[in-house]
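Subject: Handover of a structure, with notes

Dear colleague,

I am passing this structure on to you, and my notes on it follow below. Please read them with the sequence and the coordinates open beside you.

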Amino acid sequence: MSTQKTLFDKIWENHVVAENDDGTSLLYIDMHLTHEVTSWPGFESMRNSGRRLRRNDALLAVPDHVIPTIDQAGGIKDESSRVQFETLLKNCAEFDVPLIPLLDKRQGIVHIIGPEQGATQPGITMVCGDSHTATHGAFGCLAFGIGSSEVEHVLSTQTLVQKRPKNMRIAIDGELPLGVTGKDMILAIIGTIGTAGGTGHVIEYVGSAIRALSMEGRMTVCNMTIEGGARAGLIAPDETTLAYVKGRPLAPSDELWDAAVKYWRTLPSDPGATYDKEISLDANMIAPQVTWGTSPEDVVPIDGRVPDPAVAKDEKQRDAIQQALDYMGLTANQPIEDIKIDRAFIGSCTNGRIEDMRAAAEVAKGRKIAAGVSAMVVPGSGLVKAQAEAEGLDKILLEAGFEWREPGCSMCIAMNGDILKAGERCASTSNRNFKGRQGRDSRTHLVSPAMAAAAAIEGHFVDVRSLAS
Amino acid sequence: MKTFTTLSGPAAPLPMINVDTDQIIPKQYLSAISRAGLGKGLLHDFRYDSADKEKPDFILNREPYRDAKILLAGDNFGCGSSREHAPWSLDDFGIRCVIAPGFADIFFNNCVKNGVLLIVMEEAKVNELMALADNPQSCEMTVDLEAQSITVAAGSSVSFEIESFRKHRLMNGLDDIEITLQKDAEISAFEAKQKTTMPWLYRG
């Protein structure tokens, strides 16, 4: 076996507590993020079984999925959601879990606040009962989503029993054209590998186009790794990473910072390390992307057309395309730019960061959203919101006719009342265009923040680069 | 956890690829703090119209598939959200075995934890089983985990592969947490060592 190790190999091997006879490993978990929807069974079970919480200094809780984005101070109206929210607060109090409360300025989507608070660090293992935990891999940590039983396993043991995934490498070299973002990059990747392309693997993203991305852009890429089937995405830490982490509340400081940096610099994959699967893409060839169907792999460039089921490779594929077209209310070969929208949603753990707010505001500046379109911008956290407001982005967006909301998961999962009506078509910066995801019989097209803002302004999809002033 | 040994009953075909966990159990079932009754929400939008009335044509709304014990699905079943409500709703409905060409990773792990057997089988074989399942006269199947076989109504059987650890866990209904807690000394030793090599991770 090769002695050259990948970034993934290094993190994995540094966290194996024990190798089990059956080929699984007991893996130590350094940081656990949690929220209201998937944590209650674990706390309930600990209470019933008398098991203790192993480490509360490696755990951080925040409510995000069910909270309103209007009048948060007025509380949660839906009773079931309110009980779930209050259960999180009670559990955190009972088990002495660090919690960022609802009206705290630091509150926000769990995958936005982890990095903001410095809980996300290179080289660590990190989990959360949410599939978009993949986001944190942007820092060069092994971060993946788990179910509620595994949440409980981590609460009680600070470990997980895992089968070692395989290594996959995706290289994106070249330079993204102006107006093309990390979102377009990851959508193009998923369009290439398919929604099961990364199953059983951890994907490491490498190449000059990845290096050129900000941490925000890298987080967007890693976030949607799960939509390509891989539970975790990874990007090796570099100067961009260190500059982001330094000075955050939970990040090491002083001599511990120096020690951490020394370790982090050993993490990048060794030259010659081998991968089980390798893919490469040319960043120069990536255009703004728009999904047309009900799976994130159903994606084409903005100058493309809705596909024709007649040219599908087999019957299952043909059925899948036809069902998607029926659901989406589209016809074969329709130009993407002809698709009119009713709503735009800018936010989520995929695209709710400051850079995303800036991109939307840049497009919105001096323009108005189209008649008949309603558009909302939901910053990913209170800190993103405050920063955006300090930069005057809220005013630009409000003047253009966008709503400016309070932070939360909002219409990405549509659990909090922010929901599409049946038949409504939305340009959304979120991560899933699944049937019913944003509301029963609603139609979601995944795009970048700039593309969502441009669609809101024009009333239909348009290449944001054609709007450039 | 419930053990899984054998399972007999109607198998329902769901010949669709990429059935995500939002479709298996949609968001309105996620805000409760209980697992009870989630079977009602299984494959909700396929089973009910927008007025919450049953769609009579959907497979699980027809006899004998209302009592389906086995689901035959397309590739990449269970992709998307990590919600464990997906296996909870399958189990609550009565389906404790899903057979497909492939499953998404998180859903796969969640099923093991809930005593739901996932069988990965090549597409051509799944298609053959789907063809049998499609006919109410031949949809009865028996899954025997120990023998790693699926016996169909006509009496013939097909074998399937499963990792030894998963088979062992399912057959014995093992509680992972209790097993791991027996390794408490090893976990503590790991922590003691990590406190010296990565001290910045200990804030307590």
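This is a predicted model: local features need pLDDT of at least 70, side-chain atom pairs count only at pLDDT 80 or more; totals for chains, interfaces and linings use all residues.

The loop between β16 and β17 (425-428) of chain A holds A414(A), which is not a glycine and yet has a positive phi of about 60 degrees.

Turning to chain B, the secondary structure comes to eight helices and seven strands, and the C-alpha atoms fill a box of roughly 65 × 45 × 25 Å along the principal axes. Of the 204 residues of chain B, 45% count as buried. Where contacts in chain B link residues at least 6 apart in sequence, 69% of them join residues at least 24 apart.

Two local features of chain B may deserve a look while you have the model open. A cis peptide bond, with omega about 0 degrees, joins E63(B) and P64(B), and P64(B) is placed in the loop between α2 (44-47) and β2 (70-73) of chain B. The other is N76(B), a residue other than glycine whose phi is positive, near 65 degrees, and which lies in the loop between β2 and α3 (85-93) of chain B. N76(B) counts as buried, with 25 C-beta neighbours inside 10 Å. As background to both features, most residues other than glycine have a negative phi, and most peptide bonds are trans.

Finally, the contact between the chains takes 60 residues from chain A and 46 residues from chain B. On the side of chain B that touches chain A, at least two residues each come from α1 (21-24), α4 (105-112), α6 (164-172), α7 (176-181) and α8 (184-197) of chain B. Sorted by class, that side of chain B has 18 nonpolar, 16 polar and twelve charged residues.

Technical notes
Residues are numbered from 1 along each chain as its sequence is written. Chains are lettered from A and ligands numbered from 1 in the order in which they are written. Two residues are in contact if their C-beta atoms, placed from the backbone, lie within 7 Å. Helices (H or I, at least four residues) and strands (E, at least two) are DSSP runs, numbered from the N terminus. Ala, Val, Leu, Ile, Met, Phe, Trp, Tyr, Cys and Pro count as nonpolar, Asp, Glu, Lys and Arg as charged, and the others, Gly among them, as polar. A residue is buried if 20 or more other C-beta atoms lie within 10 Å of its own, exposed if 12 or fewer, and partly exposed in between; C-beta atoms are placed from the backbone.
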